Amino acid sequence: MATQSAPPPSRTPVNYSTRVDKVGWRPQAGSIVRTIVAVIIAFIMLLPVIWMGMTAFKSLPDAVSVPPKVFFTPTLEGFVNLFTQRRQLSDAEMEAYRARDDLNWAQDIVLERQQTIIGRSQFAQQLTNSVIIAGSSTILSVVFGVLAAYAFSRFNIPGKDDLLFFILSQRMLPAVVVTVPIFLMYKQIGLYDTHLGMILLYTSFNLSFSVWLLKGFIDEIPKEYEEAALVDGYTRLQAFRKIVLPQAVTGIAATTVFSAIFSWNEYAFALMLTQERARTAPPSIPLILGTGGIEWSTIAAGSMAFLIPVVIVTFALRKHLLRGVTFGAIRKG
Amino acid sequence: MATIHLNQVEKKFGDQFAVKPLDMTIHDGEFIVLLGPSGCGKTTTLRMISGLEAVTSGQILFGERDVTWLHPSERDIAFVFQFFALYSHLTARENIAFPLQAQGESRDMVKKRVNEVAKMLNIEHVLNSRPGSLSGGDQQRVALARALVRRPAAFLMDEPLGALDAEFRDTMRAEIKRLHIDQHATTVYVTHDQIEAMAMGDRIVVMSNAVVQQAATPTDVYHNPANIFVARFIGSPGMNLIPARYQGGVLYFDGGSVYTVPDDWKSTLAADLGSDGRVIVGFRPEAAQVSSEGQLVAKTYANDLHGGYTMLHLELDKDQIVHIRTNRETSYNIGDLVHFDVNPTMVRFFHPETEMALTKRDNRS
Amino acid sequence: MSQISTVNSVETARAQRMPSKQRQVSDIRIVQLFILPTIILLILMNIFPLIYSLYLSFTNYSVIADVPPQWVGLQNYQTILSDTRFWQNFATTGSYALVSVVFQTLIGFGLALLLREKFRGKGLITTLILVPMMLSPIVVAVFWKLMFNPSVGIFNYLLGYTNINTSPEWLGDANLALWAIVIVDVWMWSPFVMLLCLAGLSAIPEYLYEAASIDRASAWFQFRRITLPQVMPLLLIAVLFRTIEAFKQFDLAMGLTSGGPGDVTETVSIRLYKLAFQGQYDTGMSSALAYVILVVIIAVSNLYIRALNKARGS
């Protein structure tokens, strides 16, 4: 017949303080005002991106119309121009082309501008290069980073603090400073304009941030877990694999996203150390400007094609990003 | 100094009651303790008195003044927080001086009062340090000094000893009580520790599940708990509560023991119990006595040797352990049968369904 | 050798399994193995280039010339320190960094104060605000270039300039170009400052404010004595990070103006790029400039870290 003390009543969370001076219509109004301000801010933040997105689907005249057009007929003209090489048709050729009925949808679109497709542009290849180089360097930098971070976290390595600071300080240098000697080096050993060369460079640049970030995350995992495993007979490697790694997953995820985004977005190194074979998208996008006048819808399309993966990743992994961006300051899920 | 009245004070968060409608009077100069497990509503009640929580309905009066909707700073109260709430970038002296400065007191007056209060609490030597460099006990003393310096109408304390080490807790407990006696200040003190409550309170208000279970002096709460919750919550260990069946002047326990009910209880039990005669019998560990002629018998389950006394744990029946305090320094073997008696003036009875204590019919008017 | 500390109690437990000396040795092995890739990459990609660069800074080497490097001593450094255009570059970069970081901090911190309480849609807004800083700066530059266009861009349109003749030329006007870059940088990174400040603000316990309200503290006092000190460490981290990044500014400026018009927006990084990879391909001089930049950045970082530690410690 034991009377148990009942579990504490769960509190429905209140969005505002219920202090005597804070009760009334004011907190409700305050909440609404805040939402409005936040929406305005978000709109300002996103307007350029949204505008660019719209421009990517506009025809060229629409893209540069005065006053700027908010309502327009969407077209894939920009994207087609982005991925193809074209030449101008003479008036005579136009007649012939108009009569044909075996043209695919892309050719139909360029026909409107009196052009025909003569081949693929290099953009698809450049995007692929971006994927390869960013992907490989991310994987490498996270793997090496986790190992180094674990070693720095758990062991007293001679000169640890200086070493860590030196590693981190790499991030403080402008890219150009490091590039000049590497340019010479790469030229001499044949790594200039190669995937391998870029992957090595990106990996080492990412390492500085990822080691520092991951060490912070691993520091938070109590040593007692591994020590218990060691007592149970595991080797240190096994303890690392079975205990530390699973606990560090969110930290690893945050670091991975960061390294990936940095490598993906990187411009300076790619500009100076690649030419054709290994050229990634960022150095190429501004150059889209140069093909026979300013094709804004094409540039917008290129920008969009490049940005969309990042926007998707940002949304999908926002919690990890928030942790990483604030250097681990934001803890909650 | 003032009497504090709570009239039908209630607090809801959304649809949930944090404090069900409550009436309470705190007398001028009284040290009243709000006691209960976490989530029972004691802290919310304290915060409503202070103004840190607005009431959902009801009225709070300080003397004649209706303070229900007054800002905390207008109620003339001081609040001591569990985690000290000191301004880390000011020295201890500046922290203590702050409330007076905010009131616009003269510099000389402020200095005088701060020194006075620091002397009272023995913290003169830390006045020029920052809170971050002080021990927990000293930080709480500074917080107390800050509360004292204004001479408010009432002191409100929210588990002030909760963040301190055990050794500090004992010292501070005595200091707070001594301060209260010196200052004659009305104090409302919240804690979940019943030892603290028993040691410090003039009156204890036991709360559970947003409802006041009993409001009485420590002696009353200890010897005459109003219901099973209070009986169990107060005392370490709590009161022994054993189910039994009452019939014809005798209590029949599971496990075979039989106990003759004292005469002054017989009529109460006969009238207030259901037809099946089920009742909960309550007695404190010190109310029982080991005796070879004892009516009750149980098997030894464990011994706790405390040096000056032994806490015997006896198994009356399966899953029913009884705790008895003996003066013996030797212990019994596990499994030994022990006979014991319960002091007839110290036995209590509770209704099995309502869980309320039964009161002797002769005492009712 | 026993610099590597392990748990000694564990050793006794495993004494039967493996001699403790052996386990210490294998631990050392692991550590070496784990840091090896990082150290190797560090030496190859960072240390070696820095040393090589130092050597080159004392030569007149040019990558396109077929002549091996020739020693010229401190000549490159002298040229740099006496050239007004170099000083102008530093001044431009410095003023850009100062203005941009000040605006980012004010806007970011202000927004954090405004938005610290919960409200409907806070999570979604936080995510949306995260997007600009995740984008590639060069691509951001490209589409702001369109937006800044005086005739067809929406920036001027939204500001109310409908007449092409009076419409400010953000990227073409020497007085406005640097401001244009500042605007884009602030747009991208104010949310970063805001997020860090929000993290700091949310960690402040409510009872500090409650105690202050009971003591009748003014709102300004509460801000100065409770809010600011608690937020300061994160705020300083944000400022430090953004300042270092501003000094490195390359992508945005390259994309928007390429250092123009003239050299009005030529940051040190852009100048360095032009020196090394355009025109004369003056490797020697650019290496010297790289070292000067290095020294400046180390000096500035040190100042900041010291200020940060001081603010944190007190």
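Author: Two residues are in contact if their C-beta atoms, placed from the backbone, lie within 7 Å. This is a predicted model, where local features need pLDDT of at least 70, side-chain atom pairs count only at pLDDT 80 or more, and totals for chains, interfaces and linings use all residues. Residues are numbered from 1 along each chain as its sequence is written, with chains lettered from A and ligands numbered from 1 in the order written.
Reader: How many residues do chain A and chain C put into the contact?
Author: Chain A puts in 81 residues and chain C 78.
Reader: Which helix of chain A gives the most to that side?
Author: Helix H1, residues 25-56, with 14 residues. Helices are DSSP runs of H or I, at least four residues, numbered from the N terminus; strands are runs of E, at least two.
Reader: How many helices and strands in chain A?
Author: 16 helices and two strands.
Reader: New topic. What domains does chain A have?
Author: Domain 1 is 26-56, domain 2 is 60-121 and domain 3 is 124-325. The bounds come from an automatic or database domain assignment. The C-alpha centres of domains 1 and 2 of chain A lie 36 Å apart.
Reader: And what does the C-alpha trace of chain A span?
Author: About 95 × 70 × 40 Å along its principal axes.
Reader: Last one. What does Val184(C) contact, leaving aside neighbours within four places in sequence?
Author: Val140(C), Ala141(C), Trp144(C), Leu252(C) and Leu256(C).
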